[in-house]
Amino acid sequence: SAAEKGGYDYFMLKEIAEQPKAVADTLLGRIDPSGSLTLDEVRIGAAELREVDKVVIVACGTAFHAGLIAKYAIEHWTRIPCEVELASEFRYRDPILDGRSLVIAISQSGETMDTLMALRHAREQGSKVLAICNTNGSTIPRESDAVLYTHAGPEVAVASTKAFLTQLVACYLVALYLGQVRGTKWGDEIRDVIRDLSRISGAVDRVLETMEPVRELARSLAEKNTVLFLGRHVGYPVALEGALKLKELAYMHAEGFAAGELKHGPIALIEQDLPVVVIVPSPRGRSVLHDKIVSNIQEIRARGARTIVIAEEGDETVVPYADHLIRIPATPTLLQPLVSAVPLQVFACELATARGNEVDQPRNLAKSVTVE
Ligand code: G6P
């Protein structure tokens, strides 16, 4: 009913709007006043976490993209090797696991059969399983050794939005916590990032306030057949997620690429007026990546692409090459997905509406897939 949708036309719009609160709620009570993390729910002891020599993340769909982003954070802050795998591929290749592997199963519903079967397989090999889940008491957390709940509240729209952002928050918390427990050389950075994370909900809010041009752009592209997405570093999984949203909602051909791969194939797809969304990393921090992406934008634009550039506020280098420029607040590089994913959700939702599609219930999809 209209009341359930809180005055929005679709649950998806309501859930997009709820993201600042969902992010804040997921952080609530987990950062103590001294600025360190207390994750009491993670009932795997510090001694055991110090022994972990490999992290393996399993998930499906949007949760898989959260896992891909988590890998960058986990490896950077903990120096523990981390693999991310689609749950449906995982157990059938007989993965190498033992008691020192920490398996993280990410699932909004906690009922996805592929993810459940992957975690059962991991436990059979003696690995500890930590669930990141949005649904209290669901099967995946019940069968795991520990659970870190995301506090997004119920997500109704099939296309995941607020659950995705809170999965990212939970992944960052786990990465920072592992770094904290194990004591890495990034101690100072970890403290700074915890502080930045505690303010990130305000940044998400600011993104939401500036979305009208994105909606307008989406409507202008309603007749297109293809949209490509390019990103690098954590922007690469964001590109994959942007493309997935467009497939799910707009039923358009959409693909995400690692920007560095452009020259190894995808650049052949560029033709006159093809919309290409590019997620630009911060010019601060890993500035080499930033400069490489800017030359990618120049290359595709020279070949006729219509460039839709998502870049940090104050980044002026992209201005001459952007047919459309979407601004996001400055964040530490690893946290950027929390703000860069939001315009892509709005973009896909508006394109779906413009094409006359059912936003909350896309054809052929289910919110929770309980068969393998
Ligand atoms: C389905 C949904 C996706 C979701 C995926 C994983 O395919 O349509 O939106 O990302 O399942 O769901 P989970 O509940 O495990 O996060």
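I began with what covers the buried residues of α10, and the list includes α2, α9, β10 (324–328) and α14. My cut-off for contact is C-beta atoms, placed from the backbone, within 7 Å. Buried means that 20 or more other C-beta atoms lie within 10 Å of the residue's own, exposed means 12 or fewer, and partly exposed is in between, with C-beta atoms placed from the backbone. Helices (H or I, at least four residues) and strands (E, at least two) are DSSP runs, numbered from the N terminus.

Housekeeping, before I forget: this is a predicted model, where local features need pLDDT of at least 70 and side-chain atom pairs count only at pLDDT 80 or more, while totals for chains, interfaces and linings use all residues. Residues are numbered from 1 along each chain as its sequence is written.

**α10, continued.** I listed the buried residues of α10 as Ile 200, Ser 201, Ala 203, Val 204 and Val 207. They cover an arc of only 160° around the axis, which puts them on the same side of α10; the arc is taken over the directions from the helix axis to the C-beta atoms. On the face turned away from that buried side I found the exposed residues Gly 202 and Glu 209.

**α2.** Which residues of helix α2 (residues 19–27) are buried? I got Gln 19, Pro 20, Ala 22, Val 23, Thr 26 and Leu 27. Looking down the axis of α2, I see these buried residues within an arc of 165°, so they line one face of the helix. They pack against α1 (11–17), α8 (162–182), α9 (187–198), α10 (200–209) and α14 (337–354). After α2 comes Gly 29, with a positive phi near 75°.

**Lys 14.** I stopped at Lys 14 in helix α1. Lys 14 counts as partly exposed because it has 19 C-beta neighbours inside 10 Å. Leaving out residues up to four places away in sequence, Lys 14 touches Lys 5, Gly 6 and Tyr 8. I also checked Lys 14 against Glu 155: they are 141 residues apart in sequence, and 9.7 Å apart in space, C-alpha to C-alpha.

**Sheet with β1.** Here I have five strands in an open sheet, ordered β2-β1-β3-β4-β5, with parallel pairing. Two strands pair if DSSP finds at least two bridges between them. At the edges are β2 (82–86) and β5 (146–149), each with a single partner strand, so one side of each is left without a neighbour in the sheet. Neighbouring strands are turned by 20° against each other on average, direction ignored. For angles, axes are lines fitted to C-alpha atoms, for helices over the stretch in contact, and values run from 0 to 180 degrees between N-to-C directions.

How many residues of β1 are buried? Five of its six, so I noted β1 as mostly covered. β1 is joined to β3 in parallel by five bridges, and it pairs with β2 in the parallel sense over five bridges too. I followed Val 58 both ways: its bridge partner in β3 is Ala 105, and in β2 it stands opposite Glu 85. Strand β3 (residues 101–107) and strand β4 (residues 128–133) pair over six bridges, where Leu 102 has Lys 128 as its partner in β4. Across β1 (54–59), β2 and β3 lies α4, running at about 165° to β1.

**Sheet with β6.** I counted six bridges between strand β6 (residues 226–231) and β7, with Gly 231 opposite Ala 258.

**Ligand shell.** Which of the 16 residues around the ligand come nearest? They are Gly 61, Ser 107, Gln 108, Ser 109 and Thr 112. A residue is near if its C-beta atom, placed from the backbone, lies within 6 Å of the molecule. Helix α4 (residues 61–78) gives the most to this shell, with three residues. By class I have six nonpolar, nine polar and one charged. Ala, Val, Leu, Ile, Met, Phe, Trp, Tyr, Cys and Pro count as nonpolar, Asp, Glu, Lys and Arg as charged, and the others, Gly among them, as polar.

Conventions: Contact = placed C-beta atoms within 7 Å.
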